[in-house]
Amino acid sequence: MNAIAPETPALDLAALNEEFAQLTLKERFALIGERFGERAIASTSAGAQASVMLHLVTKHLPQLPIVFIDTGYHFRETYHYLETLKERFGADFRVYTSKITPARQEALWGQRWEGDAKDLEQYGLLNKVEPMNRALRELGATTWLSGVRRAHSSGRAQRNFFEQQKGTLKIFPILDWSEDDMANYMTLYSLPAHPLVEKGYVSIGDWHSTKPLEEGMHAEDTRFNGIKRECGLHEASDVSNFQI
């Protein structure tokens, strides 16, 4: 039987966010470990700069499981990049997939990524939200660490370090890091970037919904043909009780 994680006790998120903003990187991870580490997990998208968060988590909180959501539609380069990261960091990686295979999904509903916003929402629920929700339940996690940053998009610019969504506390330890911060950290520790970065990709998701950045485009335009930036994992639905 799957372990159902109890809801995180009520927190003063405003005070916690204010405190966190003043801390050094080392202090931030120390706080996370002391207050939330026992029921925490981290996630990775194996995206453009995924090595940064993986380096930080495995350095400061090596006991945390690392969840990767495999939609079945990642770039070939993404799967190879993930193997590189696993070999480099030796973390406790856990891979979760949809209960419905990509082939069955396409047979029943077609290629939903070619549809409208509603189709994209359903695609995200099946392939990303439900598997992540299942990972949280099965791992007994009430806290989820993610590498979301304000610099990623206009939609993330107003996010807080700590956000409560249903029974899960989400923490974004490097939310305020700039592109220069990321580049400097990667150089300092000789961390590898996703191979597609060299081909102009700045935000890397599924192959069918991601394209390289071209002149006149914003980073958000490279995902889902500009219809939306988020896949569902970092929206209000990401820890819902969605069932198949």
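Me: What does the side chain of Glu163 reach at 3.1 Å?
Reply: In this predicted model, the side chain of Glu163 reaches the backbone nitrogen of Asn160, at 3.1 Å.

Me: Which side chain does Glu163 have a polar contact with?
Reply: The side chains of Glu163 and Arg159 are joined by a polar contact of 2.6 Å.

Me: Where is Glu163 found, and is Glu163 buried or exposed?
Reply: Glu163 is part of strand β5. Its relative accessibility is 13%, under the 20% limit, so Glu163 counts as buried.

Me: Let us step back. How many helices and strands are there in the protein chain?
Reply: The protein chain has seven helices and six strands. Along the sequence their pattern is α-α-β-α-β-α-β-α-α-β-β-β-α. Of the 244 residues in the chain, 50% are buried.

Me: Which residues touch the most other members of the largest nonpolar core?
Reply: They are Val52, Leu56, Leu145 and Phe162, in a core of 38 residues. At least two residues of this core come from each of α1 (13–21), α2 (25–36), β1 (40–44), α3 (50–60), β2, α4, β6 and α7. The largest share, six residues, is supplied by α3. As a general point, nonpolar side chains tend to be buried together in soluble globular proteins.

Me: Which residue lies over the face of Trp144?
Reply: Lys170 does, at 4.5 Å from the ring centre of Trp144.

Me: How many aromatic pairs are there with ring centres within 6.5 Å?
Reply: The count comes to 11 aromatic pairs. One of them is formed by Tyr73 and Tyr123, whose ring centres are 6.1 Å apart with 50° between the planes, a tilted arrangement.

Me: Which parts does the pair of Tyr73 and Tyr123 tie together?
Reply: Tyr73 is in the loop between β2 (65–70) and α4 (76–89), while Tyr123 is in helix α6 (residues 117–138), so the pair ties together parts that lie 50 residues apart in sequence. Both Tyr73 and Tyr123 are buried.

Me: Turning to α6, which residue caps its N-terminal end?
Reply: Asp116 caps that end of α6, with a side-chain oxygen 3.1 Å from the backbone nitrogen of Lys118. Just after α6, Gly140 takes a positive phi of about 65°.

Me: Where is the kink in α6 centred?
Reply: The kink in α6 is about 45° and is centred on Leu125.

Me: And what span should α6 have?
Reply: At 1.5 Å a residue, the 22 residues of α6 should span 32 Å, and the end C-alpha atoms are 30 Å apart, which agrees.

Me: How many of the residues of α6 are buried?
Reply: The number is 16 of the 22, so α6 is largely enclosed by the rest of the structure.

Me: How far apart are the C-alpha atoms of Leu120 and Phe224?
Reply: They are separated by 8.1 Å, although the two residues are 104 residues apart along the chain. Another pair is Leu233 and Lys128, 105 residues apart in sequence and 6.5 Å apart in space, C-alpha to C-alpha.

Me: Where is Leu233 placed, and is Leu233 buried or exposed?
Reply: Leu233 is in the segment after α7 (179–188). Leu233 is buried, with a relative accessible area of 13%.

Key:
Residues numbered from 1 in each chain as written. Predicted model: local features only at pLDDT ≥ 70, side-chain atom pairs only at ≥ 80, totals over all residues. Heavy atoms only, no water. Phe/Tyr/Trp six-rings, centres within 6.5 Å; stacked < 30°, edge-to-face > 60°. Helix = DSSP H or I, 4+ residues; strand = E, 2+ residues; numbered from the N terminus. Buried < 20%, exposed > 50% of the residue type's maximum accessible area, 1.4 Å probe, protein only. Lys NZ or Arg CZ within 6 Å of the ring centre and 35° of its normal. Expected span 1.5 Å × (residues − 1). Bend = angle between axes of the 7 residues up to and from the residue. Polar contact = N/O pair within 3.5 Å; in protein donor to acceptor, adjacent residues only side chain to side chain. Core = buried A, V, L, I, M, F, W, Y, C linked by side-chain atoms within 4.5 Å.
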